[in-house]
Each structure stands twice: as C-alpha cells, then as structure tokens.
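Please find below a colleague's note on the model under review.

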Amino acid sequence: MRRTALALATLLLCASAGAANTPGTTRIPDAAMSTAAQLREQALADNTGWQVVESLTTEVGPRMAGSEADARAVEWAKAKFKALGFDKVWTEPVTFPKWERRSEHAQVLGAHPQPLTITALGGSPAGTVEAEVVRFEGLDALKAAPEGSLAGKIAYVDFTMTRKRDGEDYGIGGTVRSRGPSEAIRKGAIGYIMRSAGTDSHRMPHTGITRFDDGLTPVPSAALSGPDADQLNRLLARGPTRIRIALDCGWDGSYTSQNVIGEITGRSLPKEVVVIGGHLDSWDLGTGAIDDGAGVGITMAAGHLIGQLKQAPKRTIRVIAFANEEQGLHGGKAYAAARVKAGEIVQQHLAAESDFGAGRIYAFNTGSGNPEGSREATAKIAEALAPLGIEYQPTKGGPGPDVGPLAAKGAAWAWLAQDGTDYFDLHHTPDDTLDKIDPKALAQNVAAYTVMAYLAAESDGSFGSEAKDVVPPRE
C-alpha cells in the first residue's frame, strides 16, 4: 500500500513538473524574485515618488489640457525623465479640441436670494440662463420625464455618491455628468445642473467632462458642491425655486500636446516593453496632486529605481506621462493608434496605469485576450507583492484608463487596485492638492509598481498580448 502511494505521489509530482514547463507557460526566474525583494525594500525607503509629485504640483501646478501650463508640463516631464536617468526620452503628438474656463456664477432668485457654488462641466458652452429648477433623484428619473416637460426650465439631477474602496459609485456619478445634459435637452431644458460626482461635504464642486449628443444644441451645464445641492433641496421643499446660471467657457479651436515617454532600455529584448504611467494633465481647480500627479510620480519613480540596477531587466521599461486623459483619453488613444500603425501591439508585453490617487494598493491581477498561459507568472508577481499587503485576486480587475485603448487592441494589462475610499472627496476639485497625499502610502505604490514592472520585464514567455480587437473588463 505504501509502495503504491509512493508511486502515485511520484507520478503526480512528475506530471506537475511537466505542466509547469509546458511550452507557452510564462514563468518568473528565481533570481528575478530575489532582486524584486530587494527593490521592494529599497522603494519603501525611497522618496523619489514624493519628490516628483511635489515638483510637478509646485513648479507647474494645475495643467488643464490645452492651457499654457500644458506646454510647461510637457517640458517639465522631459526634464524630469532625463534627471531621473532614463536612457531615452521623447514625445509623441496628441491633438484634441481645446476647452477653456473663464468664469462661472450661479444664484438663487426670488424670496430667498443667495449665491450657489458651482463649476462649469468641461465641454459646456457659455451662456446665462434664468429659470425654475426641476429636481430628479437620478438619471433614470430624468429619462422618464415626459417629452417637452422641461421646456424653459433647468434640469437638476441629485444623485449622491457613497464612499467605496473601489469607487464603484463613480460609474453612476460620471454617467450623470456625461449623459445628463443631453437627456435634459431632449426634455426641453435650457440649462443643466447636478450634484457633484463626489463623496465629500465641502463647498467645493467637482468638475469633469460632459458630452452633448449629435444634433442637440448644447446648454450651460454645471455641478453644484454637495452643501449647495443640500441647500437647493431645502429651498425646493419650500416651493418653486428659480436660479440664474452664468458661465463663460467653451471650445476654442484645437491644440497639440504631447505624450512624454521615458525608457530604461532592456538588456536582451529591448523592443519588448513593459508600459507603466499616469496622465500628465489635470483639471484647473486644484493642482492635480492625486489626479494624476501621484500616478506620474509613482511610475517615474518605479522606472528610476529599476534603472539604478547594475543589470537592466531583459525587456524595456517604458514610462508614459499621457496627454489629456481628462477630456477623453486622448493621450491613451493616440499611443494605442501609433502602436497599431507600427505593428507593435505584440511588443507591448504588459501595460498598467496608476490613475486612482495615492491610496495604498490592496489587490493585483493581470489579464489579456488569452491569460491562462501567464497565470503562473502572475501568481509569482503576486507572491512578491504580498509583503506590501496586496492580495492576488485572479478573477478581478481591468486596465487603467489610458491603457484601456491599448488593451482593446489586444495588449495584456496589469491591475493594481488602490484604496479609493476618500478619492472622490478630492477628485476634480480645488482640494486636490499635495497635502492630501500620504508619503508612506505613495511609497507603497512605488514599491508595487517597481516590483510588478521589473518581474514582468524579466519573465520568460508572454502575458498574452496579440494584435486583435477585444473588449477588456472595466477596472
């Protein structure tokens, strides 16, 4: 009996060993795991990420796409990549429509006159409208309103987001912002306001891009701060309420910015790249610290630390400061289109973007159109990330915003989930400033991106990138 059990155990062990070395299985060498452990500890003690974010938010400040500060941010990024020791630094053009904000005011009229704190939604036209407000609890309620029922009135959608670690409610709040104005116009509205897509209770409204469907005449559209939305609700409970909205903003031609790219050249497979990055632009209300100065700092620091090794990884580490994410993923789309045109999708070994603030990373996964062969390698990366408090969640995740277009063309992606419990307290507001970043949490992010990017670059095999159209999961 013991001899039979021993034979069975030996057979299973051999089968397991054979499976582990099956052609097509991606693996991480033991030596790379040892180096990754050293990089992890080095990154936790390093403050490069903080220094980069401090520099960007102090020397450039807010960087709205198409603004004078956009150009300064590009020059800053080029200089910073060079100062951090990247082997190669270059730019790729990104052209997009230019939207400007000049002034914005709102006030309650009638028996209870008072100002309201608002901000124009990106893409809103200029204009002054004065009308009665009609409140809706959510976008579905607005859609259900009878045709023409808002003629000569201002639509108001009052959806309240709740705090969640993964920021799930932003899917609803962001849709209220992007789709609400068009729905209001279809019902006859002459203006649109919404409770900000945020979770704070501060008198700081959240901006963000909106869209108007083809064939519709855009109307002035703005977001109220949370306290102002509450105030308006109390006024509406007392009876019909009229407000005036005066916005000076709008589209003004086109602008060409740049994706700024830095590389640490790989030692044996330099044309294959591990892509990490964040977006360089921000909205104009704050200084863009968490959105997305943090992502730029995290990934620049990770590339820098890998570049300090005595021996470069097998593949190239490519760090991208993407242009104009905020108004339509323009930088990410341009990068993906350029890779498709050059036939380089397969060379995009693995791609990840940090664009959810500076909260600690708590989960990790990778994915592609064909992820099974890379499961072993993904699990090994997760093993190296575990000391950072990061859990392997093999059924979850998706590509970040700017690498989403690349993933949609077949590139493999990595997901490093950040704790966004308080992210939407600050997102797109004047309160998005450097003091909101915890340096220790930022260092944990740097350590995670350093480990992930290095091990992916050192892997034997593929994470599944291939040139084909796919529908990647949402992050």
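The numbered points below start with the basis of the model and end with individual salt bridges.

1. The model is predicted: local features require pLDDT of at least 70, side-chain atom pairs count only at pLDDT 80 or more, and totals for chains, interfaces and linings use all residues. Residues are numbered from 1 along each chain as its sequence is written, and side-chain values use heavy atoms, leaving out hydrogens and water.

2. The chain comprises 13 helices and 14 strands (DSSP runs: H or I of at least four residues for helices, E of at least two for strands, numbered from the N terminus). Its radius of gyration, 24 Å, is close to the 23 Å given by the globule rule for 475 residues, so the chain is as compact as a globular protein of that length. This radius is taken over C-alpha atoms, and the rule is 2.2 Å times the number of residues to the power 0.38.

3. Of the 475 residues, 57% are buried (under 20% relative accessible area; exposed is over 50%, partly exposed in between; 1.4 Å probe, protein chains only).

4. The structure holds 33 salt bridges (a side-chain nitrogen of Lys or Arg within 4 Å of a carboxyl oxygen of Asp or Glu). One of them joins D425 and R163 at 3.0 Å, N to O. D425 belongs to helix α12 and R163 to the loop between β5 and α6, 262 residues apart. D425 is buried at 14% relative accessibility, whereas R163 is partly exposed at 47%.

5. D228 and R203 also form a salt bridge, at 2.7 Å, N to O. D228 lies in helix α7 and R203 in the loop between β6 and β7, so the pair ties together parts 25 residues apart in sequence. D228 is buried, with a relative accessible area of 1%.
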